[in-house]
Amino acid sequence: MSNLISFHYGNVPDLVMNNGLTAVFIDTLCITGGIIAASDAEKEILVRLAGQDASIFGDGFTGFEIGELFEGLDNRIVSEFLMRVAASALSGVGFEKLPYAPDTSLLSAALNQFSLMLVSYGSSEMRNPSEWSGLAGSTYVKCPIHGIYLHSLGCVVCNNQ
Ligand SMILES: [Zn+2]
């Protein structure tokens, strides 16, 4: 089963990964991002990314569109933050919290392509984002074990165990 991560604003090929690599890709971005996110917008991006958790889609999971992570947010903040997270993930930041050792060669190739997709977007013009004011009084909660921002169904790493 292959998953396709597409980006309709970019001009680079879609990222194609099998289920195992997709799970590692999401886990590592969420775990690294949980360490470096500072603003509510950055935490919101991680919650959206975590919502792509393969476990909630089961075997029918077929990927996602990166543009969904941008909805209503400042495009530059999203692309800049995701590129920073990908760069940190390439360095293995936070990986000691993972319950497994990821195959870093496959993961690095995926993270590099993800970064290329974001670069192609970051250099394009702003696309009039709709206003995002955050959820009133929302707080972002982290998994106490993995330091990952929880989405509506919990922690991506805990859910896959
Ligand atoms: Zn967890």
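Biologist: What percentage of the 161 residues of the chain count as buried?

Modeller: The model is a predicted one. A residue counts as buried when its relative accessible area is under 20%. Among the 161 residues of the chain, the share that counts as buried is 48%.

Biologist: In what order do the elements of the chain run from the N terminus on?

Modeller: The chain holds six helices and three strands. Read from the N terminus on, the order of these elements is β-β-α-α-α-β-α-α-α.

Biologist: What share of the contacts with a separation of 6 or more comes from residues 24 or more positions apart?

Modeller: The contacts considered here are those in the chain with a separation of 6 or more. Of these, residues 24 or more positions apart account for 70%.

Biologist: Are helices H1 and H2 roughly parallel or roughly antiparallel to each other?

Modeller: Helix H1 spans residues 19-36 and helix H2 residues 40-50, and their axes are 10 Å apart. The packing angle is about 165 degrees. Angles over 145 degrees count as roughly antiparallel. H1 and H2 are therefore roughly antiparallel.

Biologist: Which residues of H2 make the contact with H1, and what is the handedness of the crossing?

Modeller: On the H1 side, the contact is made by Ile 26, Leu 29, Cys 30, Gly 33, Gly 34 and Ile 36. By class, the contact of H1 with H2 has seven nonpolar, two polar and one charged residues. The crossing of the two helices, H1 and H2, is left-handed. From H2, the residues in this contact are Glu 42, Leu 46, Leu 49 and Ala 50.

Biologist: How many residues apart in sequence are the parts tied together by the pair of Phe 25 and Phe 114?

Modeller: The structure holds three aromatic pairs. One of them, formed by Phe 25 and Phe 114, is edge-to-face, with 5.2 Å centre to centre and 90 degrees between the planes. Both Phe 25 and Phe 114 are buried. Since Phe 25 lies in helix H1 and Phe 114 in helix H5 (residues 104-122), the pair ties together parts whose separation in sequence is 89 residues.

Biologist: Does Val 47 count as buried or exposed?

Modeller: Val 47 is placed in helix H2. Because its relative accessibility is 19%, Val 47 counts as buried.

Biologist: What distance separates the C-alpha atoms of Val 47 and Tyr 140?

Modeller: Leaving aside neighbours within four places in sequence, Val 47 is in contact with Tyr 140, Tyr 149, Leu 150 and His 151. Val 47 and Tyr 140 are 93 residues apart along the chain, and their C-alpha atoms are separated by 8.4 Å.

Definitions and conventions
Residues numbered from 1 in each chain as written. Predicted model: local features only at pLDDT ≥ 70, side-chain atom pairs only at ≥ 80, totals over all residues. Heavy atoms only, no water. Axes fitted to C-alpha atoms, helices over the stretch in contact; angles between N-to-C directions. Helix = DSSP H or I, 4+ residues; strand = E, 2+ residues; numbered from the N terminus. Parallel < 35°, antiparallel > 145°, perpendicular 65-115°, else oblique. Left-handed = near helix turned anticlockwise from the far one by under 90°. Contact = heavy atoms within 4.5 Å. Nonpolar A, V, L, I, M, F, W, Y, C, P; charged D, E, K, R; others polar. Phe/Tyr/Trp six-rings, centres within 6.5 Å; stacked < 30°, edge-to-face > 60°. Buried < 20%, exposed > 50% of the residue type's maximum accessible area, 1.4 Å probe, protein only.
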